[in-house]
Amino acid sequence: MKWGLVGASTIASEHMIGAIRAQSGHTVEAVLSSSAERGRAFATRNGIPHAFTDLDALLARPEIGAVYISTTNEKHFSQAMAAFAAGKHVLCEKPLALSVDDAAKMVEAARSAGLVFAANHHLRCAGAHLAIRQLIAEGRLGRILSMRVFHAVSLPEHLRGWRIDNRDAGGGVIADITVHDADTVRFHLGEDPKTVVAQAVSSGLGEGVEDSVMSVWTMPSGIMVQSHESFTHPYAGSGIEVHGTEGSLFAQGVMTQRPTGTITMTDKDGTVQLNYERHDVYGYGLKAFNRAVAGHGRPAADGVDGLKSLAVAMAVARSAHEGRAVDVDYKG
Ligand code: NDP
């Protein structure tokens, strides 16, 4: 399948172009940029045949079967809607949109056009998270009581643009990282957060947007989740802990774009380290996407998953802003 890239972005050049090309029979045909000069330079640097500044012109190319949208967050909605109208399958970056209502419109547009729509939630594609989920599902930890997600990192220098100073573009750590953590928690626990309580601050990088947030989520089953995201923590490391009646699991260095990290489990017999498969996380997601396009199965994270992770992030933002507990609104 031939792909069109909507957005001359860092994630496309650092991860997705390589991951698309690693899929047998898949090529990158075109890139869209709002700047003709940046688009041309991006195309040349990445060996892409065509660069466009007009989305409709890119979407009019019949040979393009799917688009990967990785523009700034405020653009995802209109670009995805245009892609569905043009009959293209869509792999969209998170957050899918700036509102759950818009995300719901995207899900409906894909459904009624019979097109594949996926959110690029890479963490659920990681070998570490697949292993953790299986262990939980097998009941090795007993009844799950609580989960802790620690995802406070240092935002790399080259990404310190719109994320830290542009609310209109969807900046802030909640839109950037809390959505991923919401998806990961849903993936592991198989249920959707019900109520959240949050506090957010700017701790050195955010200008007009939060760069750090802590929140507590209650799940319908009663499981408690604690989540911490930040752009300002150089040495905190990332990971998750899952605590159950029969054991506790500690996964360190697993909230990343690379197949890294260690997982240990402690129970009445002691502590053991778990082995897991270390594959490219984005390639794994693309494989599932391409299978879905071919009519087999569903994407790793589909549009509804993207909508739900956004709904949790919106509730976290609202709770932090209003200083009260907020029920997550999944819009039906
Ligand atoms: P970038 O800032 O690299 O790119 C976003 C947009 O910014 C591009 O589409 C481009 O616009 C514009 N841009 C890029 N470079 C420049 C420049 N030098 N000067 C002016 N404008 C520029 O963003 P990221 O790649 O970090 O993120 C893009 C999207 O991907 C976001 O939605 C983000 O949330 C998501 N993301 C997801 C990850 C994941 O693991 N799933 C990881 C990282 C990001 P134009 O296209 O018009 O040229």
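Analyst: Domain bounds here come from an automatic or database domain assignment. This is a predicted model, where local features need pLDDT of at least 70 and side-chain atom pairs 80 or more, while totals for chains, interfaces and linings use all residues. Residues are numbered from 1 along each chain as its sequence is written.

User: Okay, which domains is the chain divided into?

Analyst: You get domain 1 (2–119 + 283–297) and domain 2 (123–280 + 311–327). Their centres, taken over C-alpha atoms, are 26 Å apart.

User: How many residues of domain 1 are in contact with domain 2?

Analyst: Contact asks for C-beta atoms, placed from the backbone, within 7 Å. By that test, 13 residues of domain 1 touch 16 residues of domain 2. On the domain 1 side, α1 (10–21) and α9 (281–293) are the elements giving two or more residues. That side has five nonpolar, six polar and two charged residues. (Ala, Val, Leu, Ile, Met, Phe, Trp, Tyr, Cys and Pro are nonpolar; Asp, Glu, Lys and Arg are charged; the others, Gly among them, are polar.)

User: Why is α5 called roughly antiparallel to α10?

Analyst: Look at the angle: the axes of α5 (residues 100–113) and α10 (residues 303–322) cross at roughly 175 degrees and come within 9 Å. Over 145 degrees counts as roughly antiparallel and under 35 as roughly parallel, so α5 is roughly antiparallel to α10. Val100, Ala103 and Met106 are among the α5 residues in this contact, and Leu307, Leu310 and Met314 are among those from α10. The contact has 11 nonpolar residues, two polar and no charged.

User: And why do α4 and α5 count as roughly parallel?

Analyst: Helix α4 (residues 76–85) packs on α5 at about 10 degrees, with the axes 10 Å apart. That falls on the parallel side of the cut-offs, so the two are roughly parallel to each other. Phe77, Ala80, Met81 and Phe84 of α4 meet Asp102, Met106, Ala109, Ala110 and Ala113 of α5. This contact holds eight nonpolar residues, no polar and one charged.

User: How do you know that the chain is as compact as a globular protein of its length?

Analyst: The chain has 10 helices and 15 strands. Its radius of gyration is 19 Å, close to the 20 Å from the globule rule for 332 residues, so it is as compact as a globular protein of that length. (The radius is taken over C-alpha atoms, and the rule is 2.2 Å times the number of residues to the power 0.38.) Those C-alpha atoms fill a box of roughly 60 × 40 × 40 Å along the principal axes.

User: Where does Pro95 lie?

Analyst: Pro95 sits in the loop between β5 (89–92) and α5. A cis peptide bond joins Lys94 and Pro95, with omega about -15 degrees. Most peptide bonds are trans.

Methods. Contact = placed C-beta atoms within 7 Å. Helix = DSSP H or I, 4+ residues; strand = E, 2+ residues; numbered from the N terminus. Axes fitted to C-alpha atoms, helices over the stretch in contact; angles between N-to-C directions. Parallel < 35°, antiparallel > 145°, perpendicular 65-115°, else oblique.
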